[in-house]
Structure formats: structure tokens, C-alpha cells
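Hi,

Here is the structure I promised to pass on.

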Amino acid sequence: MVMRKISPRSETRVITIKKDPITNVDVFNSPRKHTSLLSMREIQEALVKNEVSLDESSQDSGSDLDKMYLLDHPQDPPPNVPTIRKLIEIEQRLNYEKLKCWRYNTKKITKIEFINDLGHFCMGTLDGHMIVYDAIHLEKIYQFTPHSRGGLVDYCWSMDSEYVLTASTIDHSIKLWQPSTKEKINTFYLGVSPTSVAFNPINPNQFIAGDILGNIYVYNVSNSRKTLIQSIPNSPVSAIQFGIVTSELWLIIAAASHILVLEYNFRNGEYEISKTINNLGCDITSIKFLDMLPGIIVTCSDGMIRLMNIPQLHTIREYRINPNTANICSDIPSDGKYLVSGSEDGNICIFSPRKDSKLLKQIKVHKRPRIVNTIAISDDHKYIVSGSKGGIACLYQLTVM
């Protein structure tokens with residue numbers, strides 16, 4: 001490694017690009033402590049300030065390094081070295097600030113997720129309400145009640161955030177809404193309790209639904225026709241996720257202790273099983289697709305969060321804080337920079353999936369009742385929202401010092 005003194009005021013550090021042996025993704029790395037792995041996407045976005053310089057002349061012969069980068073003071077760039085512009089954050093000292101908490105007269109906030117890049121997030125409650133908030137301005141945008149009898153267990157927004165599917169265990173229905181106008185477009189009756197729903201990201205006229213009996217259906221929105229694509233007897237479907245990898249569309253389903261990966265056949269419009277895990281050894285509470293591997297984050301009742309690749313379903317990393325505490329929920333932004341989890345002891349934990357299984361920050365959020373039932377992190381890593389079984393939601397802002 002090459003270390004250079006630019007001036008008494010600043011020091012140049014060599015930064016390298018190489019393959020992460022775990023994820024096989026090109027990443028930034030640094031010999032300095034408290035640094036993180038940064039994706040090529042972040043490198044390519046580094047085009048604003050003169051705080052990073054490229055040194056192509058310093059090559060470490062015999063190494064597997066592709067290029068070396070120098071971080072230097074913006075006023076003292078090395079001579080004759082082209083400059084990449086933008087401050088790249090490498091310090092991983094996370095701070096957080098509680099912005100606001102809400103208390104609702106409901107037994108449980110069933111789901112929270114960010115729905116766009118504007119800082120808008122949605123909360124669903126067990127008594128049937130959906131509320132959309134603006135995290136930046138701390139304002140409620142609108143609220144409506146898709147299921148007046150309650151039992152709201154899951155929802156899914158369309159890719160353009162114009163429509164939302166909602167599922168209720170009490171009226172045994174899935175409803176399609178246009179929230180901005182509070183107009184109900186259609187109702188689909190299952191006859192049993194639905195547990196999870198997901199829009200097909202490339203075909204808005206189709207969605208997948210799972211029920212408490214372990215049945216997985218594909219629905220046609222325009223004619224309400226449903227087709228059974230898979231059944232796992234006595235295994236309630238706990239999560240459904242779509243993932244797009246290059247030209248392939250994957251459907252991932254969790255039901256009790258089972259995981260199914262199905263590939264969408266574009267020629268005949270059918271789903272074909274690619275890989276299954278018939279018994280993980282514990283129930284799965286949530287899954288989230290991760291673009292960077294590609295892979296999935298699997299939250300399990302044994303207190304472990306597993307990072308698995310797709311479609312092989314090999315466990316790559318495991319995350320756990322307290323062996324006596326179960327992680328209930330987790331979320332990860334599309335670039336995989338942070339992994340956040342909520343547990344039954346009321347804590348939020350933040351990990352760095354790109355680097356290792358290291359815990360970056362632990363936040364004590366909910367005291368009574370303690371269980372963090374749902375959690376979401378914004379794609380820009382600025383906000384975390386959590387919801388508890390006692391109807392309490394808390395919004396936090398993350399900063400890197």
C-alpha cells in the first residue's frame with residue numbers, strides 16, 4: 001500500500017477496489033479502521049466535490065487489486081492525478097435521533113414500509129387502518145380504512161405507488177385500492193384468511209396471495225381469476241417477495257419453516273419451482289429480497305437472521321445479538337448498506353451486511369410492550385420506522401459522523 005503525506009494538514013490514504021469474497025461484488029476497501037465496503041454504484045455517484053483522487057500510477061504488482069484510490073484534502077490534491085468528485089462516507093460511527101412517536105388505539109401495527117423516494121412511509125394497523133406519513137416534514141399525508149372490520153395483516157404497493165393490495169384475516173378478502181382517491185377497485189374473496197400478498201413487478205394485472213392453509217395463488221386483477229401454483233399443507237404463508245435479476249423474475253415464498261424459490265417463465269406465464277428448503281428448523285417471520293447478491297434476508301423465530309443467495313438458498317451470513325431473544329422483523333435498503341432488525345426485547349439492531357456480521361448500533365426503542373413487530377429503513381439510509389404490538393410507532397433519523 002502507498003501512503004503519502006499531502007501536507008501537514010491532511011493525509012492521503014490508499015483505497016482499493018476488489019471483489020468481496022462473500023457477495024462477489026466490486027467494493028471499496030480501506031486499510032483504515034472503522035471503514036466500510038462501498039459499492040461500485042456509490043463510487044460512480046462520487047462526482048460532486050473534490051475530495052477523492054484516482055491514482056492509476058500506483059499499482060501493487062502481484063495483488064488482486066483492480067485500482068487504487070487516494071482520499072485527500074480537497075484543497076491539496078496530488079499533482080497530475082485526475083480527481084473524482086464527491087465526499088464518500090467511510091466512517092461507520094452511526095448516530096440516531098428520535099424524531100417522533102405515534103400511539104394508536106390498536107393491538108398491533110402489522111406492517112410498516114417506505115413506499116417511494118420522497119420519504120413517505122405507510123403503516124397498517126390490526127384494526128384495519130392505513131396511514132401514509134411524510135418522514136421529512138413529519139406530516140400525515142392521508143389515512144383510509146380498507147377493512148372496516150379490522151384484521152389487516154399485509155399490504156403491497158404497486159411499483160408506481162398508485163395502487164395498494166390489502167389483506168384481512170377477518171373478512172377473508174384481499175382488496176385493491178387507489179389510496180389517493182380512497183377508491184376501491186376490486187375485492188377478491190378467498191374463503192379463508194389471507195396472510196400475505198405481493199404485486200407482480202412486471203405485470204400489474206397479476207398478484208400473488210398466500211393463505212393460512214399454506215396455499216399460494218396467482219390472481220388476475222381484470223377478471224378475478226385465481227390459479228393455485230403451490231400448496232404447503234398446514235404451513236401458513238408468512239411472506240411473499242419478488243426479485244428481478246437481469247432478465248429473470250424470481251418469486252420467493254416463506255411458509256412456516258419452508259422456503260420456495262420459483263422462476264417466472266415469460267413464454268407461458270407460469271411459475272416453475274427452482275429450489276426449496278422443506279424444513280429450516282424454525283418458523284420464518286419475514287423475508288426481504290436483496291438486489292446486491294442477489295439474495296434474501298430471512299428472519300427466523302430462532303432469533304437468527306440469515307443472508308441467503310438466490311436461487312441456491314445457501315446461507316452466506318448469519319446475524320444474531322442475543323441467543324435468548326427472537327428477531328421478529330428485519331429490513332434492508334436496495335443497495336444492502338445496512339440491515340435493521342426488530343426483536344421481542346424492544347431493540348432495533350443495525351448491521352453492516354457488506355462487510356461482516358458486526359453490530360453497528362443498537363437502539364432501545366420500545367419498553368412496554370416490548371415487542372418490535374415491524375420495521376422499515378428508507379433507501380437513502382436516513383430514516384428508520386418501527387412498530388410494536390402495543391400500537392406504538394417510532395421514527396428515527398440516522399446520521400454518519
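Below is what I found, going from the whole chain down to single residues.

First, a caveat: this is a predicted model. The chain has 401 residues, and 55% of them are buried. As for secondary structure, you'll find 35 strands and one helix. If you take the contacts between residues at least 6 apart in sequence, 44% of them link residues at least 24 apart.

Now the inside. The largest nonpolar core has 31 residues, and the ones touching the most other members are Ile174, Phe207, Ile208, Leu251, Ile253 and Tyr271. Several strands give two or more residues to this core, among them S15 (173-178), S18 (203-211), S21 and S22 (248-255). There is also a second, separate core of 19 residues, including Ile252, Ile277, Leu280 and Ile296.

Setting aside neighbours within four places in sequence, Ile253 contacts Ile216, Val237, Ala239, Ile240, His258, Ile259, Leu260, Leu262 and Ile287. Is Ile287 buried or exposed? It counts as buried, because its relative accessibility is 9% and the cut-off for buried is under 20%. With the close sequence neighbours left out again, Ile287 is in contact with Ala239, Gln241, Ile252, Ile253, Ala254, Ile297 and Val298. So that list holds Ile253 and Ile252, the former from the 31-residue core and the latter from the 19-residue one. Its C-alpha atom is 9.0 Å from that of Cys300, which is 13 residues away along the chain.

Strand S21 (residues 237-245) also has a residue that takes part in the surface, namely Ile244. Ile244 has a relative accessible area of 44%, so it is classed as partly exposed. Together with Ile202 and Phe266, Ile244 makes a nonpolar surface patch of about 280 Å².

Next, a pair of residues earlier in the chain. Leu152 belongs to strand S13 (residues 152-157), and Ser168 to strand S14. Leu152 is buried because its relative accessibility is 0%, and Ser168 is buried for its own value of 0%. The two are in contact: beyond its close sequence neighbours, Ser168 touches His147, Gly150, Gly151, Leu152, Ser173 and Pro194. Leu152 has contacts with residues including Thr110, Leu126, His129, Met130, His147, Thr166, Ala167 and Ser168. The C-alpha atoms of Leu152 and Ala167 are 5.7 Å apart, with the two residues 15 places from each other along the chain.

Last, a hairpin. Strands S11 (residues 130-134) and S12 (residues 139-144) run antiparallel and are joined by five bridges. Which residue of S12 is the bridge partner of Ile131? That is Gln143. Four residues lie between the strands of this hairpin, and Leu138 has a positive phi near 55 degrees.

That's everything for now.

Cheers

Terms used: Residues are numbered from 1 along each chain as its sequence is written. This is a predicted model: local features need pLDDT of at least 70, side-chain atom pairs count only at pLDDT 80 or more; totals for chains, interfaces and linings use all residues. Side-chain values use heavy atoms; hydrogens and water are left out. Patches are made of residues with over 30% relative accessible area and no salt bridge: like charges are joined within 9 Å, nonpolar side chains (Val, Leu, Ile, Met, Phe, Trp, Tyr) within 5 Å. Accessible areas come from the Shrake-Rupley method with a 1.4 Å probe; for residues, only the protein chains shown count as cover. A salt bridge is a side-chain nitrogen of Lys or Arg within 4 Å of a carboxyl oxygen of Asp or Glu. Buried means under 20% relative accessible area, exposed over 50%, partly exposed in between (1.4 Å probe, protein chains only). A nonpolar core is a set of buried Ala, Val, Leu, Ile, Met, Phe, Trp, Tyr and Cys residues joined through side-chain atoms within 4.5 Å. Contact means heavy atoms within 4.5 Å. Two strands pair if DSSP finds at least two bridges between them.
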